[in-house]
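Please read them with the model open.

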Amino acid sequence: MPSILTPLIAVFGIMLLGFIIQKLKVLPHDTDFTLNEYVYYVAFPAILFIALAETDIDEILQWGFIASFGITMLVTYFVTAVISLSADKKQPALAAIRGLNTSFGNTAFIGIPLMMMLYPGNNHAITLAAIASLLSIVMFAFVMVSMELAINKQQKRHPIIIMLNALSSNPIVIGCALGVAASAVKLPIPDSLSVMMRLIGNTSSPCALFAIGMVLAKAMHGGEEPSETRHHIAIEMTVLNMLKLVFQPIIAYALLRYFNVDTELLIMGVILAALPTAASVYLLAQRYQTYGLASAKCILISTIATFITLPIIEKLLHNIN
């Protein structure tokens with residue numbers, strides 16, 4: 001595997017460019033929204049569909065990886081939630097958002113581009129990024145339900161209905177589901193359609209990363225946190241980022257080894273677990289007016305810190321294996 005620094009520098013370079021362009025106001029104010037919508041509804045579903053459709057179903061159903069990554073996110077989430085509730089009692093919404101900050105990595109907007117750069121032409125890399133993204137979406141839907149129940153006490157819809165609606169309308173879930181179905185029935189994909197899907201999908205990387213940079217630039221002007229002042233923010237950010245960038249990959253490594261996942265897939269899985277917090281966390285926090293500015297800071301700090309932590313983790317992985 002090539003050094004992770006080369007693709008990592010490229011990833012951060014595109015994000016930095018988006019950040020600078022947003023600060024300079026070169027493009028229209030809502031450009032990040034348009035790019036996000038394109039990537040979310042068109043480019044990601046395209047690359048995930050074709051990558052999964054052209055991968056054997058037995059290679060997709062990596063149950064050891066699925067169990068390891070899913071449990072890793074749950075463990076990280078609940079550890080964070082317990083710590084949060086012990087510090088800020090009777091604030092389940094705050095605990096939920098903090099838990100999402102540490103468990104929901106950017107496996108889509110950073111993970112997919114990074115896997116494509118690290119493992120060019122390797123469908124396994126995109127497949128694992130797709131699995132990780134699906135599990136992350138499920139976690140996101142779970143937290144969204146938790147927020148609804150915590151904030152809207154008179155919620156009339158059943159939590160399962162809320163979660164199913166969130167999942168069934170998600171284009172990444174739809175793209176993955178169609179790809180898995182096509183793989184399962186061994187549906188032949190015409191070469192012209194395959195090329196078209198990959199060309200569209202390949203635009204996801206630069207567009208997604210550029211949009212993240214713009215979102216981070218805008219997020220840092222989110223205003224003051226409502227209703228309360230945050231003390232010891234430096235300690236708080238350190239704890240959250242340690243849980244995301246150190247604790248989560250350690251748990252992932254232990255579980256992937258426990259489930260006897262292949263070495264190459266293990267390395268991919270730990271790298272995916274070590275990715276920074278997804279920008280979607282900030283959007284959810286803003287929607288519920290809970291921990292918005294702090295989430296933006298957590299995303300920014302974890303994104304920058306990954307430049308240091310990921311190369312160290314990659315080096316340790318190769319030394320151990």
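1. Aspartate 56 is partly exposed, at 33% relative accessible area, while lysine 186 is exposed, at 60%. Here buried means under 20% relative accessible area, exposed over 50% and partly exposed in between, with a 1.4 Å probe and protein chains only.

2. The model is predicted: local features need pLDDT of at least 70, side-chain atom pairs count only at pLDDT 80 or more, and totals for chains, interfaces and linings use all residues. Residues are numbered from 1 along each chain as its sequence is written, and side-chain values use heavy atoms, without hydrogens and water.

3. Aspartate 56 and lysine 186 form a salt bridge (a side-chain nitrogen of Lys or Arg within 4 Å of a carboxyl oxygen of Asp or Glu), with their closest N and O atoms 3.8 Å apart. Aspartate 56 sits in the loop between helix H2 (31-53) and helix H3 (57-60), and lysine 186 in the loop between helix H9 (171-184) and helix H10 (191-202), so the bridge ties together parts 130 residues apart in sequence. Helices are DSSP runs (H or I, at least four residues), numbered from the N terminus.

4. Arginine 98 is buried, at 6% relative accessible area. One of its partners is aspartate 88, with the closest N and O atoms 2.8 Å apart. Aspartate 88 lies in the loop between helix H4 (63-87) and helix H5 (92-103), and arginine 98 in helix H5, 10 residues apart. Aspartate 88 is also buried, at 17%.

5. Glutamate 236 forms a salt bridge with arginine 98 too, at 3.1 Å between the closest N and O atoms. Glutamate 236 is in helix H12 (residues 233-258), 138 residues from arginine 98. Shared partners join Asp88, Arg98 and Glu236 into one network.

6. The search of the whole structure finds four salt bridges.

Notes: Helices (H or I, at least four residues) and strands (E, at least two) are DSSP runs, numbered from the N terminus.
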